[in-house]
Structures are given as C-alpha cells and as structure tokens.
Amino acid sequence: MAELIHAKNFGFLQTKLPTELFLKLKEECQNTKELKEMTSGISGKGVPKHFYIKKNFPELKDYVLACVEEYEKYFKYLNTLKPLTKSVPFFVAPPWVNIQKRYEFLPLHDHDGILSYNIWIQIPYDIKKELHEQAGQLQFIYPMAASAKMGNHRFVLSKADEGKLIMFPSMFLHTLYPFYTSKKVRLSIAGNILLEVK
C-alpha cells in the first residue's frame, strides 16, 4: 500500500497598511527631490528608477517586523532555514520606492535576504482599460516542493490594491509587467529582511 507524503510549500502574506502610515509613505514617495537615488542589479533602460525611503522607515520597519511574525505563524518558513548555528535578530534593510512610468517594467529577478515585500502606493490606471492581458501584473515564479515543476502566481494590480503589502520568500523570482493607458507613475515600495550577524 502506497503512502502519500505532501511536502510543504510557502506562499504569500497580504495585509493592508494602517491608513496613517500609508499616507505618510505616499507623501514621501511623491517627493523624490528629497530622496537618494538607488542603483540596483536591474537598473537600466526601460526599468523604473529607485529611490531610498528614509523619513518613514522606522515606522515602516516596525510594521514589517510584525508581518514577518505573521508570515512565520502561518508558513513556518524560517524554521526551515539553517544557515547559522544560533539564532540572530532580523535586519530590515532600507526600503526603496520604484517609480514606474508607462511602458517601463521590472525584469525577472529575486531579492537578497530571507523574506521580501512589496507595497502598492499608487496604481494610476484602470485595469479594465489596459491593452494587454498581462498589463500591470506582478508575476512570481518559484520552485514547487511537491514536484519538479516551477509554480507561478500572478497578482492583477488595480487601484483597489493601493496600501496593500505582499510578503514572500526572497528567493521567489518575480517580474512586474508594464502598463499602457496612463501617463501618471505607478509607485511601489520594496524591501528585504535579512539576518543580522554582529
């Protein structure tokens, strides 16, 4: 008689930011003259510019750490990672805002750290009026624990997603498709959670 043993896989945590924090972050993201530009491994032609978030980072950091606890409660992900011989605290790296213009995209990439997150600050288009089926979507590609195939998950982003945070394992590859019908920018914040070794 055969016995079936299902391997665990990890998913996404999605939350809604407190209104006050969301509004503070939105104001900071819209004032790029005060932000320091960031160069990443995917910076280049056709890719959104990135700027570090600084002013509201301490408050955002506290919220992100609460999300890490919630993620671990459901997925038990961190218990599967054994890179160190003893426990160390989390380090929330400085986050950045992606300022994405019409036709720009984020190519397939992963992040540093153990967990990462995206926060949707401003979605300027009406998703029902977008020209292509994949327009404006965030697509993830990740290893499936129970098979040799790669899984994929898409978030179809609309104005209703403003203020939402998505947390995921940093190793999950992801890409952000362009949008076509608005001349305004799409604003999203991204960041990573690492382990701090002193």
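**Exercise 1. Find which residues touch the most other members of the largest nonpolar core.**

Step 1. Start with the term: a nonpolar core is a set of buried Ala, Val, Leu, Ile, Met, Phe, Trp, Tyr and Cys residues joined through side-chain atoms within 4.5 Å. Buried means under 20% relative accessible area (1.4 Å probe, protein chains only).

Step 2. The largest such core has 32 residues, and V97, Y117, L165, M167 and I189 touch the most other members.

Step 3. Now see where the core comes from: α1 (19–30), α2 (57–75), β5 (96–100), β7 (115–122), β10 (164–169) and β12 (186–195) each supply at least two residues. With seven residues, α2 gives the most. Helices (H or I, at least four residues) and strands (E, at least two) are DSSP runs, numbered from the N terminus.

A word on the model: it is predicted, so local features need pLDDT of at least 70, side-chain atom pairs count only at pLDDT 80 or more, and totals for chains, interfaces and linings use all residues. Residues are numbered from 1 along each chain as its sequence is written, and side-chain values use heavy atoms, leaving out hydrogens and water.

**Exercise 2. Work out which residues make the contact of α1 with α2.**

Step 1. Contact means heavy atoms within 4.5 Å.

Step 2. On α1, look at L21, K24 and L25; on α2, find E59, L60 and Y63.

Step 3. Sort them by class: four are nonpolar, none polar and two charged. Here Ala, Val, Leu, Ile, Met, Phe, Trp, Tyr, Cys and Pro count as nonpolar, Asp, Glu, Lys and Arg as charged, and the others, Gly among them, as polar.

Terms used
Buried means under 20% relative accessible area, exposed over 50%, partly exposed in between (1.4 Å probe, protein chains only).
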